[in-house]
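Please keep the sequence and the coordinates at hand while reading.

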Amino acid sequence: MSEISAVSRKLIQTLAETISKQVEHFNKNEVECLIREFNVLVGETTTMGRVVNGLDRGKFRSILHNTFGMTDDMIMDGVFRTFDKDNDSFVSMKEWIEGLSVFLRGTLEEKIKYCFHVYDLNSDNYISREEMFHMLKNSLIRQPTEEDPDEGVKDLVEITLKKMDHDHDGRLSFADFEKAVREENLLLEAFGTCLPDMASIKAFEQHVYEELEQ
Ligand SMILES: [Ca+2]
Ligand SMILES: [Ca+2]
């Protein structure tokens, strides 16, 4: 091992120790693996000769698509927005690990907050009728024979509101969303798949762990 890689290894270990104390669900070794994976993913961009602050939207979306099988653009943008907490258009190393702790291992409470944020497209703390309409329209497989597919989506929005809008103001607050999901867990991803399934979590973790072994 060269002197430089020994130094960078030491740096990563120190960083992993610090981050593992601040972020839930990952131990120090796991954080180290995630930092290495982050560096690999970002590294491809730095070879272009410019300084990169993290994963940009395109790069992040290709990870969601290729590694976690996501296909819905609107939802993938929502996941990016949710990971990018400081809203600087890059997912930094810290944001990557914080985001993954919920994405891969979050408690129900953490996932409720995460999904609500993903679905609140304009970040005004409410999921509006319009937002529900866009997401449901996007996620439904349209029947080509149907004359007005929008009508079906509008009906679905009204049904969803009836079930989830507890204070009857025609939009979902976090409290509405949380109450509904606690009563019926399947509603967690009511407006589109924004969490990975068990198989892709397992594949990702296996891949990341192997990198530490090398
Ligand atoms: Ca950021
Ligand atoms: Ca909103």
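Helices and strands are taken here as DSSP runs, a helix having at least four residues and a strand at least two, with numbering from the N terminus. In these terms the protein chain of this predicted model has 10 helices and zero strands. Read from the N terminus on, its elements run α-α-α-α-α-α-α-α-α-α. The protein chain has 214 residues, of which 27% count as buried. Among contacts with a separation of 6 or more, 57% join residues 24 or more positions apart.

An unreviewed UniProt entry carries the annotation "domain: EF-hand" for residues 71-106, 107-142 and 152-187. Residues 71-106 are 67% helix and 0% strand, and the end C-alpha atoms of this span lie 22 Å apart. For residues 152-187 the figures are 64% helix and 0% strand, with 19 Å between the end C-alpha atoms.

Next comes the interior. In soluble globular proteins, nonpolar side chains tend to be buried together. The largest nonpolar core here holds 46 residues, and the members that touch the most others are Leu34, Val79 and Phe177. What does Leu34 touch, leaving aside residues up to four places away in sequence? Its partners are Phe26, Trp96, Ile97, Leu100 and Val208.

Helix H3 covers residues 57-68, and its 12 residues should span 16 Å at 1.5 Å a residue; the end C-alpha atoms are 15 Å apart, which agrees. The buried residues of H3 are Phe60, Leu64 and Phe68. Seen down the axis of H3, these buried residues fall within an arc of 45°, so they line one face of the helix. Gly58 and Asn66, on the other side of H3, are exposed. After H3 comes Gly69, with a positive phi near 65°.

Helix H9 covers residues 174-183, and its buried residues are Asp176, Phe177, Ala180 and Val181. They take up an arc of only 120° around the axis, which puts them on the same side of H9. One of them, Phe177, was met above among the core members that touch the most others. The cover over the buried residues of H9 includes H6 and helix H8 (149-164). On the face of H9 turned away from the buried side, Ala175 and Glu183 are exposed.

The loops hold two backbone details. Which values does phi take at His25 and Ser123? His25 is not a glycine, yet its phi is positive, about 75°. This residue lies in the loop between helix H1 (3-22) and helix H2 (28-46). With 15 other C-beta atoms within 10 Å, His25 is partly exposed, because a residue needs 20 or more such atoms to count as buried and 12 or fewer to count as exposed.

Ser123, likewise a residue other than glycine, has a positive phi near 55°. Its place is in the loop between helix H6 (108-119) and helix H7 (129-139). Ser123 has 11 other C-beta atoms within 10 Å and is therefore exposed.

Methods: Residues numbered from 1 in each chain as written. Chains lettered and ligands numbered in written order. Predicted model: local features only at pLDDT ≥ 70, side-chain atom pairs only at ≥ 80, totals over all residues. Core = buried A, V, L, I, M, F, W, Y, C linked by C-beta atoms within 7 Å. Contact = placed C-beta atoms within 7 Å. Expected span 1.5 Å × (residues − 1). Arc of directions from axis to C-beta. UniProt positions renumbered as here; feature names shortened; annotations may be inferred.
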